[in-house]
Amino acid sequence: MYIRAEYEKREQLKYISHLELMNTFRKTFRRAEIPVKYSQGYNPHIIFSMSQPLPVGMIGFHEYFDLELKEKNSLGLIKDKINKSLPFGLKVIDVVIIDEKEKSLQAVVNTAIYSYEMSFNSETIKQESLLNDFLNEKKIEITRFRRNKENRMIDLAPMIYNGRVLNDNIWEFTISTGSSGNVRPQEVIRALKSNTKGLIREIPLVNIKRLGMYIKKGGRLYKPTNKEVLKKEVSKS
Amino acid sequence: MKVRDEIYNKLINVSKPERYIGNEYNIIKKNWQKDSIKVLTAFPDVYEIGMSHLGLKIIYHLLNKEDNIICERVFSPWPDLEELLRKENLPIFSLETNRSVDEFDILAFTLQYEMSYTNILTILNLAGLNFYSSQRKEDDPLIIAGGSIVSNIEPVALFFDFVFIGEVEDCLIDIINRYNSLKNEGLEKKDILKKMAKIPGIYVPSLYNVDYNNQGVIKNIVPVDNNIKDNIKRQVVSDLDQAFYPEKFLVPYMDIVHDRAVVEISRGCTRGCRFCLAGMTYRPTRERKKKTLLKLIDNILKNTGYDEVSLTSLSTVDHTQIKELIRDLTAKYEDKKISVSLSSLRVDRFSVQLAKEVQKVRKTGLTFAPEAGTDRLRNVINKGVSEEDLYKAVEAAFKEGWSTIKLYFMVGLPTENRDDLIGIVNMVQTVLKRGKEIRKTSNKSMKPIRINVSISTFIPKAATPFQWEAMIDKDKLKEKIDFLRSKLNRKGINFSWNDEDLSRLESIFSRGDRKLTDVIVSAWERGARFDGWGDFFDYGIWLDAFTDNDLDWKFYLRERNMNEILPWNHIEMGLNPEFLKKEYDKALKSKLTPDCRFNKCKSCNICFNLDIDLDVVGNDYNVYKG
């Protein structure tokens, strides 16, 4: 049986890396005595995969992982057992069954929503109009810095789907993520800074939170656990 | 002051912020009750080193199981966090509740490596505390220490209010409660310390005066008054099987040095290697029963979720029920994909057989420690392993399919000559050759044979038979290492060695006296931090620190006269001085002393001096009691 779980990563745990998070889940599954399936071969490991990594320092409210189990289990029980064995800061919100042929999370999740605690001089800035001008730009070019590779210019405009001012200095952006076009959350701020000639200041990564990850299909956003985007489960007998 | 909120978001600016977040699974965060006794355990190195230290984990869980005690942790901040704390004017904080040191009653250091001494000072300084016990205020926390290097604690002794000598499990809670009740009586710290000094194992450095002659050699070490004991005797756990052992280990997020479940199957080793500090200072051998161990391991694995358990001990394979234990563990855990690892192997086929049993699931490299290059020199150090033993062991390993072998050797040993170095070269080359021959007869395609040769510098340690021996000169050491490097620089062999200057400094502290205290402070003020880490070690700083204090470091590397009063003279680790002298004498004659577990008592007198018995659990061992 394959399951897909929605979880949150908060508090101090924003500082653990993706690899450390994966190891934390693996230990949690063993503590919780979840009947996980191991891969065959020389170095058996739990069959388990996750959605796009959160950068170190960023909280995520709706993140996802897929896990294969050896046998059928009550979803409620699995969720309870995992939650009892997770450290403070991690919590499973929802668990659904998925088909064994379901595409991986990293292949289907293509959109993410982030909130930004912005930094600017609130007396000199009209937030809404500044944001609208930014969203209406035809082209938003920035330099992408790549590790061990040459920098290159990219256009963010087609990959920023939406933006709004939530309240005070909290803004929200819906942007493309994943292999078919990825925006790094801080690139939005860098673009804003250059477009506003520095009126919008850079912010530390901890000011950005990932509110959710979605599958964008026909102009609508679906959670990866939404039945409408999942294959019907083929029951194995 | 709760520093959490101020520091929390700024951790994004330091490397490896997960070192400072605490919050591990099984963390113990207690309600901060006014009348609780608050103990902050400190480890003067980074989180991933400290969290791999068993003693620290035992203390943390032992104290926290008491209702009236709160125990939290602090580790050394990496220089980037130290800088951040200074810039933001914030104190160092505990991992559990992010409190500063002044909120605790006791700050307790675990010391296991001389090269972490400057890190003690960083923690004290970031807590706003004076380094010297004599200069701290009445309401400052009590600052204490213990650990594996207390056989000579003198270079740092004056930083601490008291130091505990030995194994603390059986008496720690009484000590903490005793201190608390004396404090509640309203006594002054100096009177409290005088009363604490009566407790066995407690060493209050300020209650001992050390006099030197004009060459700087100690004239005498005497208590300040008649009520203070002359010697401080090492404390030992008499029944290890029943001694406290934690079952709800913290589960770090970081990939720490030993990231696995750890169970201590025995303590103490009587093989009698003459260079080995642990072998001399953790005697006698005491074992946990198989039944106890199986239960501990089961609970620890359930509570942590680890997929690997390490059986740890000074000499794992010597446990008298090791074979049965491993058989039971593999039968029980193979299906659960849980692997077993052995912390130390003997140089023999039996060890390889055991390693084969436990490594059915995952196969990593095997490590053997012949320590020296000729049978003669191995007799000098009482290793009791022959060249043939090594070849038999590695051949068994190659036949079982291992392709990486790590070999440990030491250079600079007493009486070492050129033949001994050539011996190392021959042994390594023979191991490589035999590996290749065995590989040729196998049909399977396998990884090429690799020999990792690790050379460490011999450092004479206090409380061992070599405590009088001179430390090797830097030039000679360099010459020896260059020779080995030139001969072993070939395909299939990987060669590593210690930094010569770092070894010298470690040697200085291992047998140093209280005059070095000011040197450590000078070096810290000049910027010395994390000296044990290659990237940070700056020998120049230390040379300047010696000059600052008008001291000659060569004084500490010299050979000691047998009649000299050594700086650790008043610390009684339990071995008779006559035994050490006899062992040193036998070493120079290249004579072996057999293990008292399998032969008759060798009169080291540990059992008599510390009123304890050798305690092995297997039946078929011929054990003579001292």
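Tutor: In this predicted model, the domain assignment, which is automatic or taken from a database, divides chain A into domain 1 (2-108) and domain 2 (111-217). Residues are numbered from 1 along each chain as written, chains are lettered from A in the order written, and local features need pLDDT of at least 70, side-chain atom pairs 80 or more, while totals for chains, interfaces and linings use all residues.

Student: How do you know that domain 1 of chain A touches domain 2 of chain A?

Tutor: Two residues are in contact if their C-beta atoms, placed from the backbone, lie within 7 Å, and 14 residues of domain 1 of chain A are in contact with 11 residues of domain 2 of chain A.

Student: Why are H11(B) and H12(B) called roughly parallel?

Tutor: The axes, lines fitted to C-alpha atoms over the stretch in contact, with angles from 0 to 180 degrees between N-to-C directions, cross at roughly 15° and come within 9 Å for helix H11 (residues 322-333) and helix H12 (residues 349-358) of chain B. Angles under 35 degrees count as roughly parallel, over 145 as roughly antiparallel, 65 to 115 as roughly perpendicular and the rest as oblique, and H11(B) and H12(B) are therefore roughly parallel to each other.

Student: What makes the contact between H11(B) and H12(B)?

Tutor: On H11(B), the residues B:Ile322, B:Ile326 and B:Thr330 meet B:Leu354, B:Glu357 and B:Val358 of H12(B).

Technical notes: Helix = DSSP H or I, 4+ residues; strand = E, 2+ residues; numbered from the N terminus.
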